[in-house]
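Let's take a walk through a protein model together. Have the sequence and the 3D view ready, and follow along one piece at a time.

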2 protein chains.
Amino acid sequence: MAEEAISNKRVMFKNYVTGFPKESDMELVTSSTKLNIAEGTKDAVLVKNLYLSCDPYMRSRMSKFDTLTITSSFQPGKPVGGFGVVKVLDSTHPNYKKGDLAWGITEWEEYSLIVSPQLLIKIPHTDLPLSYYTGILGMPGITAYAGFHEVCSPKKGEFVYISAASGAVGQLVGQFAKLFGCYVVGSAGSKEKVDLLKNKFGFDEAFNYKEEPDLNAALKRYFPEGIDIYFENVGGKMLDAVLLNMRVRGRIAVCGMISQYNLDKPEGVHNLTSIIYKRVRIEGFLANDFYHLYPKFLEMVIPYIKEGKIVYVEDVAEGLENAPTSLIGLFHGRNVGKQVVAVARE
Amino acid sequence: MAEEAISNKRVMFKNYVTGFPKESDMELVTSSTKLNIAEGTKDAVLVKNLYLSCDPYMRSRMSKFDTLTITSSFQPGKPVGGFGVVKVLDSTHPNYKKGDLAWGITEWEEYSLIVSPQLLIKIPHTDLPLSYYTGILGMPGITAYAGFHEVCSPKKGEFVYISAASGAVGQLVGQFAKLFGCYVVGSAGSKEKVDLLKNKFGFDEAFNYKEEPDLNAALKRYFPEGIDIYFENVGGKMLDAVLLNMRVRGRIAVCGMISQYNLDKPEGVHNLTSIIYKRVRIEGFLANDFYHLYPKFLEMVIPYIKEGKIVYVEDVAEGLENAPTSLIGLFHGRNVGKQVVAVARE
């Protein structure tokens, strides 16, 4: 075991953010670490971070006193944290040994000492891409699966609309809904993404919301009979337009509202009165509440991946130094598919 | 049976309304009618209207092309319509005979020919006030009962907040919630109403929202641990403040949004992002979906009324000529309790 110190690149959080985050809110530093756990440190694992996940919810951790979050704010002067895929280099935890792979909460650096390994989930050695555990086989996968099957209460043949539909979660919701027998329309912010939705993910229809001056009219065009299920990823004006197009007893599963996270004051939503007469249910949810379904989810999704019945598109940035740009890009829709940062490939 | 024509006062709807309705949007006219059903008219009942109900939802029927309603718009030149308590004078329907009492959809006039008596529900002869069938024993009663017990999914000890709490529905929700074992706070728009909430309906706390410059601060004062259940009657700024004070897995049952009905553009609600992290459910509902529970509801509520465990406050206007003022008054909060119009007392 290497006792000598080794260099450890880290992405540090500089200070709390208001408005859109910038790359300069983070800083790449190089410190050093040892690749073994100090004597006396119990129940810890020392890991090499292989893949790091850029997720929209991380914006909330960049604000101070954000009472909306269930996690804590990032600490200025400490590394950014989030989901990742890790390889165990050393362990004093009975469940982990050197060479194990896992996914869960880690920090944005090359090597991390994880003192709460109960937040990690072990990865079996398979021939699936390890990066998938930041996406389809990780938190976004459970989010899409539980959000659609549990929160949306879908019925065959229903009309499903998904915003931010080519993202880490949206692309899966659309594919799950198609496999379930629904009619699925998605929106995204570029021609490239719309093409993916139609040609790669098998959505029935897709449109570029940036090219629609009247979102209400666009939705009426794609859903002449109205929307049964809206999988909400964006909020604001899109939600307002959707509310005008919901069917009686429609359901809106609120996974995220990325269009609102960087505004000083969120946009107003004006059409909520329509939920009364239409008996619409709007429900916020978090993947955290559905981890008990993870084994069942894997059992369903892994064969689908192997048979090519579900595909997953990732946008992989190479190297920890590109992590800040990748995270910032999420809030400008620059990612095409799930945004991942590859720190190391072994 | 009187074959000669008798005078029939009627409240006619003049034209579609934008903004706040005015008394001049309705017109009192006197026509004549016969008190028997013309030969050949099958399955009809001719009724004397005893009590007419003023309900906030009626505002939607005063607008044209309101896609939000499940009922049709009022027809200009025809009488205003709504819930009422009626006495059968003549019947060609097998279920009804002269002298029967019923409640349901009728028109704003002294005598009505009802050609769809399937929309009526028979009233047994009891010693309860007949006007109660426009309120606690009618549509508002089912609304409160189903809204609280079915839509809110209450648990004992939960923190319940009710806006427009002294109204036809709110006063009942509060009393049902207290009987169920919840902590109940209500808001209303005058000292008199707040006194009713605390001293007559047994709410734990109550406040006058017009005296609260900061609704968020007011709610934090009354709910230091947050709100589990919000029974929504008003919408707009109140909903926005409530969203900041909901507890994890809180429920918002949307019964009405009376503050929004008369606005050209409804106010924006800005704090919806908070429903994600708190996993809040917001659900619109209508009494219509719960009429199957009506017998069970009566079985519960009638003994409570007789034992004095539930009280009901009505604001009764005397005479059909006062019906327009009574309806308009709803939208200015002038009613204290359920607004009823007594057309005739027998």
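Two residues are said to be in contact if their C-beta atoms, placed from the backbone, lie within 7 Å. Helices (H or I, at least four residues) and strands (E, at least two) are DSSP runs, numbered from the N terminus. This is a predicted model, in which local features need pLDDT of at least 70 and side-chain atom pairs count only at pLDDT 80 or more, while totals for chains, interfaces and linings use all residues. Residues are numbered from 1 along each chain as its sequence is written, and chains are lettered from A and ligands numbered from 1 in the order in which they are written.

Let's begin with helix 3 of chain B, residues 170-180. A residue counts as buried if 20 or more other C-beta atoms lie within 10 Å of its own, as exposed if 12 or fewer do, and as partly exposed in between. By that rule, 8 of the 11 residues of helix 3 of chain B are buried, so the helix is mostly covered. Among them are Leu172(B), Val173(B) and Phe176(B). What covers these buried residues includes helix 2, strand 8, strand 9, helix 4 (191-200) and strand 11 of chain B. Helix 3 of chain B lies across strands 8, 9 and 11 of chain B, running at about 165° to strand 9. For such angles, axes are lines fitted to C-alpha atoms, for helices over the stretch in contact, and the values run from 0 to 180 degrees between N-to-C directions. Just after helix 3 of chain B, Gly181(B) takes a positive phi of about 105°.

Next, look at the sheet. Strands of a sheet pair through backbone hydrogen bonds, either parallel or antiparallel. Here two strands count as paired if DSSP finds at least two bridges between them. In chain B, strand 9 (residues 183-188) and strand 10 pair in the parallel sense over 4 bridges, and Gly186(B) has Ala206(B) as its bridge partner in strand 10 of chain B. Both strands belong to an open sheet of 12 strands with mixed pairing, in the order 10(A)-9(A)-8(A)-11(A)-12(A)-13(A)-13(B)-12(B)-11(B)-8(B)-9(B)-10(B). Strand 10 of chain A and strand 10 of chain B stand at the edges with a single partner strand each, so one side of each is left without a neighbour in the sheet.

Where do strand 13 of chain A and strand 13 of chain B come in? They pair in the antiparallel sense over 3 bridges, and Ile282(A) has Ile282(B) as its bridge partner. In total, 31 residues of chain A are in contact with 31 residues of chain B. Helix 7 (274-277) and strand 13 (281-284) of chain A each supply at least two residues of the side of chain A that touches chain B. 100% of the interface residues of chain A are also interface residues in chain B, so the copies meet through the same surface.

How are the two chains related? Superposed by least squares on the C-alpha atoms of residues with pLDDT of at least 70 in both, chain A can be laid on chain B with an RMSD of 0.0 Å by a turn of 180° and a shift of 0.0 Å along the axis. The two copies are therefore related as by a two-fold rotation axis. In chain A, the C-alpha nearest that axis belongs to Gly268(A), 1.9 Å from it.
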